[in-house]
Amino acid sequence: MNVISRRIVIWGGIVIVLALFLVMAFRPQPGAVDLRPIQVGPMQVTVDAEGVTEVKDVFTISAPLGGVLHRTPLEVGDSVVRGETVVAVIEPSDPAFLDPRAQAESQEELEAAEAARELAAAELDRAEIEKNFAQTELRRARELFARGTVPERFVDEAERAFRSAVAAVAAATASLDAREHQANRARARLITPAVTHREDDCACVTLTAPVDGQVLRVFEESETVVTPGAPLLEIGDPAQLEVVADFLSADAVRVASGDRALIEGWGGEHPLEARVRRVEPFGFTKISALGIEEQRVNVVFDLVSPAEEWASLGHGYRVIARVIVWEGASVLTVPVTALFRQDQRWMVFTRVDGEARQREVTPGHRAGLQVEITSGLEPVSYT
């Protein structure tokens, strides 16, 4: 064999070996798959959302007037009795200090009020004099009429003058009282605020608990100045709990009052039974953790499980609410990952005599990672 023939044989062998290596390397290999028996079991379709527990009736105690709120002796969790437990004591605040201009204006108002009072007193004196004169004239007219000297009309005019004088005295008296009150009001504006408070003779406003229950939240613990309407604390009965969860509006339309629900993720070993009480008729926009605007709807639940099971729950606890929109006791299900599309049909692989074969199926309800198969498969049990 000459040199050229040897080269052909050597390089030809190398090419054949490489070709065989490539064929073996890129040959399709069978993949590992999970096999699962086709069985029938219970299935539930739910819509889920995060929620919080809330006391059904929360009473917010607010300040009825502005003043100094005394330090409250109550703490969160303390029990209160309706009409007996003092929840807040408010001392009316002192008047504010006046700046120089306000001080001067108030002083001028006081002097004007005192001058008006003196004028009203003078008017009262004049009215008293006129009344005395009218009374004298009336007595004289009656005496002359008794003698037949003057006609009866003269007596009527004297009586009218006397009554007018009496009315003028009453009006002057009322005017003097009004001017006196105006002077007192102007004088009150000039009162200097007190530096210290005297609790022994404090004209304080005492607020008591409106209902039996527990203190849920204290807004102001220390002594402070409050304005009218400022919230002081919240009171409610933790034994009367409800669950409020915000669902996507697309899920909320599938929920109706009376639907059965499960409360999970609350810290207990078992889910709590609940019932949908109300689906609120309006939605609101909420920004998700991914920054996406979502339309949400609040759904309110009543707890059905015995109170002893959820006695450790309180106001504002986080839970997960699952509303059961469909359930079946004997449902044939397969994993969602077992389904695939082929020519607009749903297919699965089944093992027949050790081989994988395609089979068309009709999917139904879906719950999490499981999907119901309504036709195309039959349950199989393995012993």
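Reader: How many cavities of 30 Å³ or more are there?

Author: Rolling a probe the size of a water molecule over the atoms shows where empty space is left. On a 1 Å grid over the protein atoms alone, a cavity is a set of points where a 1.4 Å probe fits but cannot get out, and lining residues have an atom within 4 Å of a point. Grid points are joined across faces, edges and corners, and a volume is the space filled by probe spheres set on the points. Here the count comes to 1 cavity of 30 Å³ or more, and the largest cavity holds about 40 Å³ of space. Its lining is made by L69, T72, V87, A88, V218, E220, L232 and L233. At least two of the lining residues come from each of β5 (86–92) and β9 (231–236); helices (H or I, at least four residues) and strands (E, at least two) are DSSP runs, numbered from the N terminus.

Reader: Before we go on, what kind of model is this?

Author: This is a predicted model, where local features need pLDDT of at least 70 and side-chain atom pairs count only at pLDDT 80 or more, while totals for chains, interfaces and linings use all residues. Residues are numbered from 1 along each chain as its sequence is written, and side-chain values use heavy atoms, with hydrogens and water left out.

Reader: How do I check the length of a helix such as α2?

Author: The expected span is 1.5 Å times one less than the number of residues. α2 has 48 residues and reaches 71 Å from its first C-alpha to its last, close to the 70 Å expected. After α2 comes G148, with a positive phi near 85°.

Reader: And which residues of α3 are buried?

Author: Buried means under 20% relative accessible area, exposed over 50%, and partly exposed in between (1.4 Å probe, protein chains only). In α3 the buried residues are V155, A158, A165, V169, A172, L176, A183 and A186, and they pack against α2 (100–147); contact means heavy atoms within 4.5 Å. The buried residues of α2, among them L110, L124 and L138, pack against α3 in turn.

Reader: How many aromatic pairs does a search of the whole structure find?

Author: Rings of Phe, Tyr and Trp (its six-membered ring) pair if their centres lie within 6.5 Å; planes under 30 degrees apart count as stacked, over 60 as edge-to-face and the rest as tilted. The search finds 2 pairs. The ring centres of F247 and F301 are 6.3 Å apart with planes at 45°, so this pair is tilted. F247 belongs to strand β10 (residues 241–248) and F301 to strand β13 (residues 293–303), so the pair ties together parts 54 residues apart in sequence. F247 is buried at 0% relative accessibility, and F301 is buried at 0% too. F340 and F349 have ring centres 5.1 Å apart and planes at 25°, so that pair is stacked.

Reader: Where do I find a positive phi in a residue other than glycine?

Author: Most residues other than glycine have a negative phi. D343 has a positive phi near 55°, and Q344 has one of about 60°. D343 is exposed at 63%, and Q344 is exposed at 68%.

Conventions: On a 1 Å grid over the protein atoms alone, a cavity is a set of points where a 1.4 Å probe fits but cannot get out, and a pocket is an open set with protein on both sides within 12 Å along at least five of seven lines; lining residues have an atom within 4 Å of a point.
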